[in-house]
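Biologist: I have a model open on my screen and would like to learn how to read it. Could you walk me through a few features?

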Amino acid sequence: MYTQSFSVPDEPGQKHIKAVAPAEPAELMAKFDARIDSDGRIEPQDWMPDAYRKTLVRQISQHAHSEIVGMLPEGNWISRAPSLKRKAILIAKVQDEGGHGQYLYSAAETLGVSRADLLDALHSGKAKYSSIFNYPTLNWADVGTIGWLVDGAAIMNQVPLCRCSYGPYSRAMIRVCKEESFHQRQGYEALLVMMKGTDEQKAMVQDAVNRYWWKCLAMFGPPDADSPHSAQAMRWGIKRVSNDDLRQKFIDATVPQAKVLGVTLPDPDLKWNEERGHYDYGQIDWDEFWNTVNGNGPCNKERLSTRVKAHNDGQWVRDAALAHARKQQQRAMKEAA
Ligand code: FAQ
């Protein structure tokens with residue numbers, strides 16, 4: 001039940017996107033290709049190949065799920081934040097993540113899928129979300145580290161998505177990236193404060209960085225050679241930079257930040273390579289990554305059951321909103337009559 005093999009539900013009888021058609025109409029296909037080649041944007045009303053639509057639904061919905069499941073590890077710390085200021089910042093951040101989920105589900109809906117179906121896929125364990133949110137937040141430094149490293153990795157991956165070929169996704173990403181940038185800074189600042197504190201506080205930061213560093217590198221997805229979707233997604237201008245290139249950019253940007261912070265990144269192979277103009281780094285544990293993606297990470301079960309409970313507990317809000325909308329509509333019709 002908790003595995004995450006993604007599928008936009010395709011069960012017979014349900015209303016979903018068509019399977020990839022054997023042949024797309026040549027004229028429409030040529031127009032679509034020309035738009036992509038000229039770096040134009042595809043909008044919801046435009047014709048697009050089924051495979052392009054399906055890829056976008058897969059990526060955007062996984063992204064939306066990541067944002068809302070991503071609220072949970074930090075949400076655990078709202079009631080235990082060490083000051084009113086930190087609590088206010090954390091509440092704002094967690095709310096922002098919920099908002100990102102909303103923009104992204106809306107962007108996915110423009111492709112002809114329903115939000116209810118996407119949420120069903122998440123809640124039944126069929127849909128993927130980012131591996132990083134299946135790890136626990138053990139102490140307050142984890143919250144700062146998520147801001148610094150997890151949001152930092154998210155921004156690195158998402159800035160190029162502001163130029164994604166699908167209009168609604170690219171526009172949603174502009175606002176998301178502005179907010180993620182605040183998230184990254186607040187996390188880094190919280191850690192800077194802890195690193196000026198007691199030895200115990202410094203040790204907490206180092207411990208959090210030790211636990212999160214490698215998981216953040218894996219967030220960018222499998223190596224390019226093992227990434228089944230990358231080549232086509234890049235051809236279509238959905239992905240603009242490859243998994244490995246983004247991972248490298250993230251490492252290169254983060255090493256100097258770690259120096260300023262005074263923490264050690266837990267990789268003995270991390271060193272500047274003059275010839276490449278980049279940092280070399282050690283082996284990522286891909287078995288551990290896939291084990292987590294496939295439902296067996298430390299918090300997969302807990303995250304999904306919390307998510308399902310939140311959704312069920314919110315049923316009365318959705319019912320009330322619908323009843324209110326119906327009332328408004330009836331009133332408007334009466335007034336117009
Ligand atoms: N976790 O061929 P590729 C955030 C799957 S938002 C789980 O390389 P693709 C905000 C992949 O889905 C973080 N699964 O796939 C925040 C595919 O499986 P499928 C999320 C992963 O799509 C911060 C298979 O592996 N960001 O953090 C992961 O071309 C703090 C093969 O991989 C986005 O979603 C993973 N890490 O590239 C919130 C950004 N990586 O579908 C709260 C948009 C790969 O065949 C607090 N997404 N897989 O069953 C993307 O850029 C891409 O989808 C990638 C994966 C790069 C994630």
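Modeller: Happy to; we will look at the ligand, then a salt bridge, then a pair of helices. Keep in mind that this is a predicted model.

Biologist: Let's start with the ligand. How many residues surround the ligand, and which are the closest?

Modeller: The ligand is surrounded by 37 residues, and the closest are Gln62, Lys128, Ser227, His229 and Lys239.

Biologist: Which side chains place a polar atom by an oxygen atom of the ligand?

Modeller: Look for pairs of N or O atoms within 3.5 Å. Lys128 has a side-chain N or O atom 2.5 Å from a ligand oxygen. For Asn243, the distance from a polar side-chain atom to an oxygen of the ligand is 2.8 Å, and for Asn157 it is 3.0 Å. As for cover, the ligand taken alone exposes 1100 Å², of which the protein buries 93%.

Biologist: And salt bridges? How many does a search of the whole structure find?

Modeller: The search finds 19. One to look at joins the side chains of Glu43 and Arg171, with 2.8 Å from N to O.

Biologist: Which parts does that pair tie together?

Modeller: Glu43 sits in the loop between α1 (26-37) and α2 (50-69), while Arg171 belongs to helix α7 (residues 167-195), so the bridge links parts 128 residues apart in sequence.

Biologist: Last one: at what angle do helices α5 and α12 pack?

Modeller: Helix α5 (residues 115-123) and helix α12 (residues 300-313) pack at about 145 degrees, and their axes are 10 Å apart. From α5, Leu119, Leu122 and His123 meet Leu304, Arg307, Val308 and His311 of α12. Sorted by class, this contact has 4 nonpolar, 2 polar and 1 charged residues.

Methods:
Residues are numbered from 1 along each chain as its sequence is written. This is a predicted model: local features need pLDDT of at least 70, side-chain atom pairs count only at pLDDT 80 or more; totals for chains, interfaces and linings use all residues. Side-chain values use heavy atoms; hydrogens and water are left out. Axes are lines fitted to C-alpha atoms, for helices over the stretch in contact, and angles run from 0 to 180 degrees between N-to-C directions. Helices (H or I, at least four residues) and strands (E, at least two) are DSSP runs, numbered from the N terminus. Contact means heavy atoms within 4.5 Å. Ala, Val, Leu, Ile, Met, Phe, Trp, Tyr, Cys and Pro count as nonpolar, Asp, Glu, Lys and Arg as charged, and the others, Gly among them, as polar. A residue is near a molecule or strand if one of its heavy atoms lies within 4 Å of it. A polar contact is a pair of N or O atoms within 3.5 Å; within protein, one must be able to donate a hydrogen and the other to accept it, and residues adjacent in sequence count only if both atoms are side-chain atoms. Accessible areas come from the Shrake-Rupley method with a 1.4 Å probe; for residues, only the protein chains shown count as cover. A salt bridge is a side-chain nitrogen of Lys or Arg within 4 Å of a carboxyl oxygen of Asp or Glu.
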